[in-house]
Amino acid sequence: MSAAQPFPAPEPRDHTLDACFLGPYGENDALLEKLLVEFLRDHVYWRRNFHPEDPPAIATAAAHHPDYLAFESRMRRELHQLSAALKKSVPFHSPRYIGHMASDLLLPGLAAQMLTLPYNPNNVSEDAAPITVDLEVQVGLQMARMLGYPHDPAQPACAFGHLTSGGTLANYQALRLALALKAFPVALRAAQVPGLAVPGDDWSAFNLSPADGITLLQAWQHWLAAQPPIERAYWLERVEDERIEQRGLAGFFAAHPSLRVPLVLAPVTAHYSWSKGVKLLGLGRDQLELLPTEGMRLDPAALRDTLERCAHERQGVLMCVAVLGGTEYGTIDPIDAVLAARDASRQRGLDFAVHVDAAWGGYLATLFRHEDGSLRTRDEVAADYVQFPTPAVHAAFAALGQTDSVTVDPHKLGYLPYGSGAFICRDHRAMALLAERADYVFHAATPAGYLARYRSLGQFIPEGSKSGAAAAAVYVTHKVLPLDHAHFGALPRATVRAAETFHARAQRFALELAGCAHALVPFAPDSNLVCLALNPHGNATVAAANAFVRALHDELRCDPHQPLQTKEFFGSVTSLRPEMLGPAQTTRIFDALGLDTSTLDADDDRLLILRHTLMNPYLIDHENGISYIDRYFDFLARRVRSLLATTRP
């Protein structure tokens, strides 16, 4: 414990958090064991009472047969070996782990997933998962409410969401939906459907707003339903033949030579899944244009300039991506400014979807929601913190409800098992454009009604099979901890407070190391992720600074060849690249660290920095009067001084 900082006075505690996790010390082992035994027995009773007139297929005496005993022995041996090997796993549960975006698992989700696994539901359709497929649709509505999207399925423009293996697949789904909706008006125009009002040229059709595209889709569906069966079949086939999903990219754009393959715009801080996505969709990596940032947040001026250029060149834009909590720095893009740039672009005839990649920061939205789902004011949110949220961060979260789609990862700040990402779109009616049909899984026509339609979930999602156990885990967690500031929000509230404490302690750490090493938090945290740049005093070269940080990281990374207990803390690294920072920010950071930018070269073209993800709600242990944040900086100071003592002549 640092003598310079007294331990914070304990606050009135909500002991709900004490029951949320198995705990750093396994404190809630009895609770988890009780839950698992109770529901394992319940599952067995269900099997026995399915048809109690059927006799047991496995004789009681089988358990004593040599073959049975030999199998049990092999199974136990392999499980014991697995259990021993897993002891070398990363200790995500510990407040000494402040590395990647992983932490302990919430007990409601863990227990719900384990409870559901023996039933093995496949959420491709209600035939394979009559219970959990409905839970997954309900999860989408829970998340829509958290984001400020319409979430009443009785309303025509209700949102829709589903789970994925992770944020990468959710981002891919966003691209699929945006492309289908952007290209559909062009296909409808090409089919020359009589009596249907469509834009007068391909460029206008390609640049309908997402809302206008959905309105046109609805008009087409109503027109089609009014036709006699033979006419309906003819026109349905004619329109389908013109769609980009039928023609493919090459065929579609060859048929519409006035159009070009559209761009996807994203900040340079965007996750590499966007590069994967444009390749998987066949758009090509050249169509992903990365925009500069200001302070690692998307630069609205650069976006406006790019959109003006695209309008002038008649270069279509499929989507602009904003990042809500970057995976490297935790920074939050100005979503409100992105929406304003789109509004201005519409006046020039250029329109596109706005997607928010909130894989990391999505659950922070709980801090901004009242229990009735309404938005909290900035003053209401800020009452719990020192600086969070800045006006810009509050404006970004307030604007979420006006975007077109969002990616959220329950397996990150949702504290749920891998893999559970989520894709949520603002208006479910667009999903009809993604519908696929497999007669052996889906039956007859798509049923009417929101909930009934999505019980055939496999028609709309990228996967052909998916775990219903993950849906159960997310749904139960959201029911136990509703997605508002008073319930689930207690978790991010604890960790954002920890990030503010960490930031303040990092500034004192920099003063303590003056004359020994330069230390700098390059960007004030927008969320619960804080980076720290370090450079030995007197060093001006990037190569030496990077070697120093690598040596420090060796003390902070998991080494499967050594006992975990040899490590005091676990952390991660990332890098600062001049092309991401821009000239002004590069100069500011390098000057503060005493580094010469001219020493950047092909081998060291970026600056390594320590990255700390503060997910554990027990970083400040009021029960025992321990601040693991202070302990970490005391440890880091010792390691810095020790390393410098061994490397300097």
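## A network of salt bridges

Arg505, Arg508, Glu512, Asp630 and Asp634 are linked in a network of salt bridges. A salt bridge here is a side-chain nitrogen of Lys or Arg within 4 Å of a carboxyl oxygen of Asp or Glu. Side chains of opposite charge can pair when their charged atoms come close. By this rule the count comes to 27 salt bridges.

This is a predicted model, in which local features need pLDDT of at least 70, side-chain atom pairs count only at pLDDT 80 or more, and totals for chains, interfaces and linings use all residues. Residues are numbered from 1 along each chain as its sequence is written, and side-chain values use heavy atoms, with hydrogens and water left out.

Arginine 309 and glutamate 289 meet through their side chains in a salt bridge of 2.9 Å, N to O. This pair links distant parts of the chain, 20 residues apart: arginine 309 is in helix α11 (residues 300-313) and glutamate 289 in strand β3 (residues 288-291). Helices (H or I, at least four residues) and strands (E, at least two) are DSSP runs, numbered from the N terminus. Arginine 309 is partly exposed at 32% relative accessibility, and glutamate 289 is partly exposed at 21%. Buried means under 20% relative accessible area, exposed means over 50%, and partly exposed is in between (1.4 Å probe, protein chains only).

Glutamate 555 forms a salt bridge with arginine 639, with 3.1 Å between the closest N and O atoms. This pair also links distant parts of the chain, 84 residues apart: glutamate 555 is in the loop between α18 (542-554) and β12 (572-576), and arginine 639 is in helix α21 (residues 628-647). Arginine 77 forms a salt bridge with glutamate 78, and the closest N and O atoms are 4.0 Å apart. Arginine 77 is partly exposed, at 41%, as is glutamate 78, at 44%.

## A nonpolar surface patch

Phe71, Met75, Leu79, Leu82 and Leu86 form a nonpolar patch on the surface, with about 500 Å² of accessible area together. Patches are made of residues with over 30% relative accessible area and no salt bridge; like charges are joined within 9 Å, and nonpolar side chains (Val, Leu, Ile, Met, Phe, Trp, Tyr) within 5 Å. Accessible areas come from the Shrake-Rupley method with a 1.4 Å probe, and for residues only the protein chains shown count as cover. Leucine 86 lies in helix α2 (residues 66-86).

## A buried phenylalanine

Phenylalanine 509 lies in helix α17 (residues 490-512). Phenylalanine 509 is buried, with a relative accessible area of 0%. The C-alpha atoms of phenylalanine 509 and leucine 636 are 9.2 Å apart, while the two residues are 127 residues apart along the chain.

## Backbone details

The peptide bond from phenylalanine 388 to proline 389 is cis, with omega near -15°. Proline 389 is in the loop between α13 (378-382) and α14 (391-398). The bond from tyrosine 418 to glycine 419 is cis, with omega near -15°, and glycine 419 is in the loop between β8 (405-408) and β9 (421-425).

Tyrosine 415, found in the loop between β8 and β9, has a positive phi of about 55° although it is not a glycine. Tyrosine 415 is buried, at 2% relative accessibility. Asparagine 120 has phi near 50°, a positive value in a residue other than glycine. Asparagine 120 is exposed, with a relative accessible area of 62%.
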